[in-house]
Amino acid sequence: MDVEGPWSRWSCASLPRPKRFDAWREGLRRTHLDWSVRRPRASDYRAELERVELASARVVRCVCDPLEGERAGAEIARTDGAFYGVVLVVRGMETVSSNGKSVRLGPGDAALWDSERACSFVVHEPLEKVSMLLPKRRFERVVPEAARFVGAVTGAGTGAGALAVQQLLGLSQHAASLGVSAAERVLDASLELLGAAFGASAHAPSRTSSVRRWIEARLHDPELSPTRIADAHDVSVRTLHAWFQAEGLSLSRWILQARLDRCKRDLLRRDGAHVTEIAFRWGFNDVAHFSRAFKRAYGRGPRAFRDEP
């Protein structure tokens, strides 16, 4: 695979099918650092890359079929240098887990990752994305607080995020035509935008706080569902899930844990209420499911928990 030089384009379409995924793995290594990736079930694989060097940064447009991978101890140790990576999803869906957070990125969403921290990703469907990779020192020269934004998400739905997204898309299309001095100035401007976008996202009030208060007032309702919650807040179900995922949360798991916490509190009161009554009080309509979930969360079933001295 030829991915050397200031600009390059590559596709695995011309290779025999059995060799395509291995070639793609090598392409990722050369353009996105060292990753351990897992082969999908499908025997065929489609992927292509366009890469351009912009001053000290690398901008890569990537189109690929589903896969998953990670950077952990071995991959980090094999990497020469320290880098920040920005990933912008153009089409499709990808989950990125970094800095203790898992975020699901859809079209127009961008996230920051750190080559020196463990990171993993899952591409859920055919994906198109733009990535920028550059040395940490170069990034931090413009955005000194960059380390605080690792795992943060910005997107085209915010003011600074919209500008940053358009800038990254423009770089992927036009960076190859920039001269050396222009490339440095454009890179500085791009990093300024990214810093403003990630900073605004990191300091913005939580979009889930009012939603969580609304849910907490209705935990007793067994009909509570993502669709009903989204309708009540005039957003799509997909947007609702994205809000929670941007904070490293799963909406369904958060609701389940909130209900379990209420049940635990009532069990500790030992006021004579039956376990079934308490479960139904907080929105559970299947006692067996409640008991299993309670035991997973607290290490023992609700009756044993209530009866302990």
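Helices and strands here are DSSP runs, numbered from the N terminus. The model is predicted.

**Exercise 1. The second largest cavity**

Find which elements each supply at least two residues of the lining of the second largest cavity, and which of them gives the largest share.

Solution. 
- Step 1: Start with the space. The second largest cavity holds about 40 Å³.
- Step 2: List the lining. T31, H32, R58, V60, G85, V86, W113, S131, M132 and L133 line this cavity.
- Step 3: Assign elements. At least two lining residues each come from α1, β4, β6 (83-91) and β11.
- Step 4: Pick the largest share. β11 supplies it, with 3 residues.
- Step 5: Sort by type. The lining has 5 nonpolar, 4 polar and 1 charged residues.

**Exercise 2. The largest cavity**

Describe the largest cavity by volume, lining and residue type.

Solution. 
- Step 1: Count cavities. The structure has 2 of 30 Å³ or more.
- Step 2: Take the largest. Its volume is about 180 Å³.
- Step 3: Look at the lining. It consists of 17 residues, and nearest the centre are H32, W35, E94, F121 and K129.
- Step 4: Name the elements. α1, β4, β7 (94-98), β10 (119-123) and β11 each give at least two lining residues.
- Step 5: Sort by type. There are 13 nonpolar, 2 polar and 2 charged residues in this lining.

**Exercise 3. The second largest pocket**

State how much space the second largest pocket has, and what lines it.

Solution. 
- Step 1: Give the volume. The pocket has about 230 Å³ of space.
- Step 2: Find the centre. Among its 15 lining residues, R29, R30, L33, R58 and F83 are the closest to the centre.
- Step 3: Name the elements. Two or more lining residues come from each of α1 (17-32), β4 (57-64) and β11 (127-135).
- Step 4: Find the top contributor. β11 gives the most, 3 residues.
- Step 5: Sort by type. The lining splits into 6 nonpolar, 2 polar and 7 charged residues.

Note on methods:
Residues are numbered from 1 along each chain as its sequence is written. This is a predicted model: local features need pLDDT of at least 70, side-chain atom pairs count only at pLDDT 80 or more; totals for chains, interfaces and linings use all residues. Side-chain values use heavy atoms; hydrogens and water are left out. On a 1 Å grid over the protein atoms alone, a cavity is a set of points where a 1.4 Å probe fits but cannot get out, and a pocket is an open set with protein on both sides within 12 Å along at least five of seven lines; lining residues have an atom within 4 Å of a point. Grid points are joined across faces, edges and corners, and a volume is the space filled by probe spheres set on the points. Helices (H or I, at least four residues) and strands (E, at least two) are DSSP runs, numbered from the N terminus. Ala, Val, Leu, Ile, Met, Phe, Trp, Tyr, Cys and Pro count as nonpolar, Asp, Glu, Lys and Arg as charged, and the others, Gly among them, as polar.
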